[in-house]
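Subject: Structure for your review

Dear colleague,

Please find the structure below, together with its sequence.

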Amino acid sequence: MNLRHIEFVVAVAAERSFSRAAERCHVTQPALSNGVSLLETELGGQLFVRTTRKVDLSPFGERMLPMIEGLYRSHQELKTGAPAFYECFLYSGPCP
């Protein structure tokens with residue numbers, strides 16, 4: 001499971017637009033769409049219902065989104081928390 005693809009799904013769900021999500025993630029729209037499709041394939045179901053005018057979560061996407069967002073949040077917490085936690089061990093300071 002690619003964490004970047006997780007980020008793409010979170011962005012599409014928030015923006016309800018592949019093009020705005022691509023801007024938010026600083027990638028091209030085709031790269032974002034491909035990443036979302038790869039994750040959908042890996043999970044075994046379509047996360048979004050796409051039309052020319054709008055993007056909505058599919059029923060499967062509605063069920064999966066809380067877990068996907070949880071993965072994304074955990075990844076963000078790990079990225080920001082690990083350096084601070086390591087510092088406390090490195091310098092024997094107070095650990096959070």
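Predicted model: local features only at pLDDT ≥ 70, side-chain atom pairs only at ≥ 80, totals over all residues.

Residues are numbered from 1 along each chain as its sequence is written, and side-chain values use heavy atoms, with hydrogens and water left out.

Overall form

The protein chain has four helices and two strands, and from the N terminus on these elements run α-α-α-β-β-α. Helices (H or I, at least four residues) and strands (E, at least two) are DSSP runs, numbered from the N terminus. The C-alpha atoms fill a box of roughly 55 × 25 × 20 Å along the principal axes. The radius of gyration of the protein chain is 16 Å, whereas a compact globule of 96 residues would have one near 12 Å. That radius is taken over C-alpha atoms, and the globule rule is 2.2 Å times the number of residues to the power 0.38.

Of the 96 residues, 32% are buried. Buried means under 20% relative accessible area, exposed over 50%, and partly exposed in between (1.4 Å probe, protein chains only). Contact means heavy atoms within 4.5 Å. Among contacts between residues at least 6 apart in sequence, 39% join residues at least 24 apart.

Helix packing

Helix α1 (residues 3–15) and helix α3 (residues 29–43) have axes that come within 9 Å and cross at roughly 105 degrees. Axes are lines fitted to C-alpha atoms, for helices over the stretch in contact, and angles run from 0 to 180 degrees between N-to-C directions. Angles under 35 degrees count as roughly parallel, over 145 as roughly antiparallel, 65 to 115 as roughly perpendicular and the rest as oblique. On the α1 side, His5, Ile6, Phe8, Val9 and Val12 meet Ala31, Leu32, Gly35, Val36, Leu38 and Leu39 of α3. By class, this contact has nine nonpolar, two polar and no charged residues. Here Ala, Val, Leu, Ile, Met, Phe, Trp, Tyr, Cys and Pro count as nonpolar, Asp, Glu, Lys and Arg as charged, and the others, Gly among them, as polar.

Helices α2 and α3 pack at an angle of about 100 degrees, with axes 8 Å apart. This makes α2 roughly perpendicular to α3. From α2, the residues Phe18, Ser19, Ala21, Ala22 and Cys25 meet Gln29, Leu32, Ser33 and Val36 in α3. The contact of α2 with α3 has six nonpolar, three polar and no charged residues.

Within α2 (residues 18–25), the residues Phe18, Ala21, Ala22 and Cys25 are buried. Seen down the helix axis, the buried residues fall within an arc of 105 degrees, so they line one face of α2. The arc is that of the directions from the helix axis to the C-beta atoms. These buried residues pack against α1, α3, β1 (48–50) and β2 (55–57).

Two loop residues

Most residues other than glycine have a negative phi. Arg16, not a glycine, has a positive phi of about 55 degrees. Arg16 lies in the loop between α1 and α2 and is partly exposed, at 36% relative accessibility. His26, also not a glycine, has a positive phi of about 60 degrees. His26 is in the loop between α2 and α3 and is exposed, with a relative accessible area of 74%.

With kind regards
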